[in-house]
Amino acid sequence: MSGVTLNNVIKRYGDVQVIHGIDLQIEDGEFCVFVGPSGCGKSTLMRMVAGLEETTEGEIHIGSRDVTRVDPAQRGVAMVFQTYALYPHMTVKENMGFGLKMNGHPRDEIKSKVAEASRILKLDDYLDRKPAALSGGQRQRVAIGRAIVRGPDVFLFDEPLSNLDAELRVEMRVEIARLHKEIGATMIYVTHDQVEAMTLADKIVVLKFGRIEQVGAPLDLYRDPDNKFVAGFIGSPAMNFVRGTVRGVAVEVPAFAGTVRPDVALPAEGMEVIVGLRPEHAELDPSGDTFRVELTEALGGVSYAYLTAKTGETLIFEERGDRRSRPGDTVSLNYEPRRLYVFDAESERRIR
Amino acid sequence: MQNPRKPASRLSQTQAAWILLAPFLFTYGLFLIYPFFRGFWISLHDWNLLAVAFNPDAKQFVGLRNYERVMWGRNIEWGPLAAPFWQLLGIAGLAVSVLLRGTKRLSRFNAIALGVASVLVIILPGFHPGEEGRWYDRRFWPTVANTIVFVGLAVPGVTISALLLAAALNRETRAMGALRTLFFLSQVLSVTVVTLIWQIMFSPRQGLIANITETFGGTPINWLTDEQFAMAAIVIATIWWSLGIAMILFLAGLQDISKDIYEAAALDNAKGARAFWYVTLPNLKRTVTLVVVLQIILHFQVFGQSHLMTQGGPNDTTQVLVRYIYQTGFRDSELGRASAMAVFLFVIMGTFSVIQFIVGREKT
């Protein structure tokens, strides 16, 4: 088993550059999630690790081996595809054993490894079925089984759960986490779903337009985002952002109809900034009239209130407990100033 | 005066269906069903084309005698070793089908198909004229054999070359698109043009093949008049001619196979030829069956190539069934016997159509 190192990795399609020099260290046994909006290059980057996309520049190491120009089959990686990519003409058993068969392993060894994988994934009853006779979740398990059987150094998951329904997705998410604990191999996981990223990852890599925005443990990214993009991407519902202007040691925020005093080193007087506040970090005060409640979504344990400020900016806040606001109410906010995040309006970098 | 509107009379769905189907059913009946039964009716008569044309009563009902005249003979015997090669092959085929079915490596349908074919190969070549005996029509069975040989060479030839071409051209570049069109182009030529082109190609004097042979110091083969090469020449021209449709069908089948599967195969160490064998071919199984059966049905009807390139010769080696039917019916005016042969041909092709139908319904 071994970690993965990316060294100034670049991908170009003709003149179009999609990956802009990525440096990344994934430790041995780590569960690393690539996350970002569609088109950010996360799948491309993983496919470069797999060898399915050629690396234009830079180096990829798996363990101590430079695999940049190595054939996909020789890299010691196994991949689980979003579409499962099972061989439709083979049974579950044959699907899982195909890689070993192609690499010339003896029949007994294939049999025992397939048996072991199907035990881990509870696929014993389906071994002689063809993929067409399986449900989505079972197919996904077979795809994972196919990866396990090959005993790779690195597992690659390319949005493996996006074709499943919501309930099954939660179930498989837990199963993948369990699998990682049981096998302990290095895993790279691509998703656009930040819940999957938060729950599964040891390390999250947030990507945007082929560049790394931030790398870190899930809670570190949540608590301490480097920039507005990461702040908005991690956490659900997303962080609220409103415009503000620096006035001495305070920030004037028109949407809040007043000034706030965040606990940060503010830039010079008159600078434009963006102030961020997470939906879960404030309480609605029904005696105020700063915001109008446009809409509420009651999910049971929690409700989300959609507020409009007099400036037209909209915000979302969470409400718990018995007293919840209704559309048409007017409210103001109670929050601790240390919960406020401030970003430079132009570079969108965090001001700490 | 008021004209009260009548409630629009409405057709039921069934009535509408019949009305919409009627033109098709009428045409189908007139041009396919009726001629078919008419042909069968003619095959039961001693029916001279010219005589009946001038006097409709000049035909005579003879029952199945035309079939006997064509397919049977005097003192026909059956021997288990009359044609040892074919009969042993049949026994081997039978053994293989039983063996593979026993070990479950062959589906039941395929096992039965192979078994039936093997039994036919054991039985049919066993018939031969005994002492003092002879076939009533000495040319019929050799003609059937020639046709089968032609089909046996042309169908695998077309299928394999079309499959390889399709696999090679299955890429989305402009050059590949142009090449696909180019390879398909031969399909739209008429048989006269195709045979003309290939007669020139095969010409021992100025033909391309002769030129190439001479460049390498060989003696040019007289393809079309050499008993050993005439059939091969016709098969080659046919393969070139009918490649296009098969290639298009294979391309369609190939594009149905998702790209992900090839990527998974690449990670599983199956690329190039191995990916083709383990991934492409099994997924193309239905398309291959379709192409093979379509080609069999098509090539049993071979006529133009033989008629225009070799005139059935040399020494009847390229005489094929449809050409023989044509000659019997329109040169010798023996319409009754020609129709009997046509019914025989229909049975063969009908069998393959049924196979195609059954295989098409089988689940993968």
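Figure 1. A search of the whole structure finds one cavity of 30 Å³ or more. Here a cavity is a set of points, on a 1 Å grid over the protein atoms alone, where a 1.4 Å probe fits but cannot get out, and lining residues have an atom within 4 Å of a point. The grid points are joined across faces, edges and corners, and the volume is the space filled by probe spheres set on the points. For the largest cavity this volume is about 50 Å³. The structure is a predicted model, in which local features need pLDDT of at least 70, side-chain atom pairs count only at pLDDT 80 or more, and totals for chains, interfaces and linings use all residues; side-chain values use heavy atoms, with hydrogens and water left out. Residues are numbered from 1 along each chain as its sequence is written, while chains are lettered from A and ligands numbered from 1 in the order in which they are written.

**Figure 2. Lining of the largest cavity.** From chain A the lining includes A78(A), M79(A), F81(A), R146(A), A147(A) and R150(A); from chain B it includes A264(B), L267(B) and D268(B). At least two lining residues each come from β6 (77–80) and α4 (136–149) of chain A and from α11 (259–267) of chain B. Helices (H or I, at least four residues) and strands (E, at least two) are DSSP runs, numbered from the N terminus. By class, six of the lining residues are nonpolar and three are charged, with no polar residue. Ala, Val, Leu, Ile, Met, Phe, Trp, Tyr, Cys and Pro count as nonpolar, Asp, Glu, Lys and Arg as charged, and the others, Gly among them, as polar.

**Figure 3. Helix α2 of chain A.** Eight of the eleven residues of helix α2 (residues 92–102) of chain A are buried, so this helix is largely enclosed by the rest of the structure. Buried means under 20% relative accessible area, exposed over 50%, and partly exposed in between (1.4 Å probe, protein chains only). The buried residues are V92(A), N95(A), M96(A), G97(A), F98(A), G99(A), L100(A) and M102(A). Their cover includes α3 (107–120) and α4 of chain A, together with α12 (273–283) of chain B. After α2(A) comes G104(A), with a positive phi near 75°.

**Figure 4. Backbone details in chain A.** The peptide bond from S236(A) to P237(A) is cis, with omega near -5°. P237(A) sits in the loop between α8 (228–233) and β11 (240–247) of chain A. N8(A), in strand β1 (residues 4–13) of chain A, has a positive phi of about 50° although it is not a glycine. N8(A) is partly exposed, at a relative accessible area of 38%. F209(A), in the loop between β9 (203–208) and β10 (211–216) of chain A, is a residue other than glycine with a positive phi, near 50°. F209(A) counts as exposed, at 61% relative accessibility.

Figure 5. T290(A) lies in the loop between β15 (283–285) and β16 (291–298) of chain A. The residue is buried, with a relative accessible area of 16%. Leaving aside neighbours within four places in sequence, T290(A) is in contact (heavy atoms within 4.5 Å) with A255(A), F256(A), A257(A), T308(A), A309(A), K310(A), V331(A) and S332(A).

**Figure 6. The second largest pocket.** A pocket is an open set of grid points with protein on both sides within 12 Å along at least five of seven lines. The second largest pocket holds about 830 Å³ of space. The elements that give two or more residues to its lining are α1 (13–43), α15 (321–331) and α16 (335–361) of chain B. The largest share, ten residues, comes from α16(B). Of the 26 lining residues, F36(B), A342(B), V343(B), F346(B) and M349(B) lie nearest the centre of the pocket. The lining has 20 nonpolar, six polar and no charged residues.

Figure 7. Chain B has 16 helices and four strands, and its C-alpha trace spans about 100 × 75 × 55 Å along the principal axes. Buried residues make up 36% of its 364 residues. An automatic or database domain assignment gives domain 1 (73–135) and domain 2 (139–360) of chain B. The centres of these two domains, taken over C-alpha atoms, are 26 Å apart.
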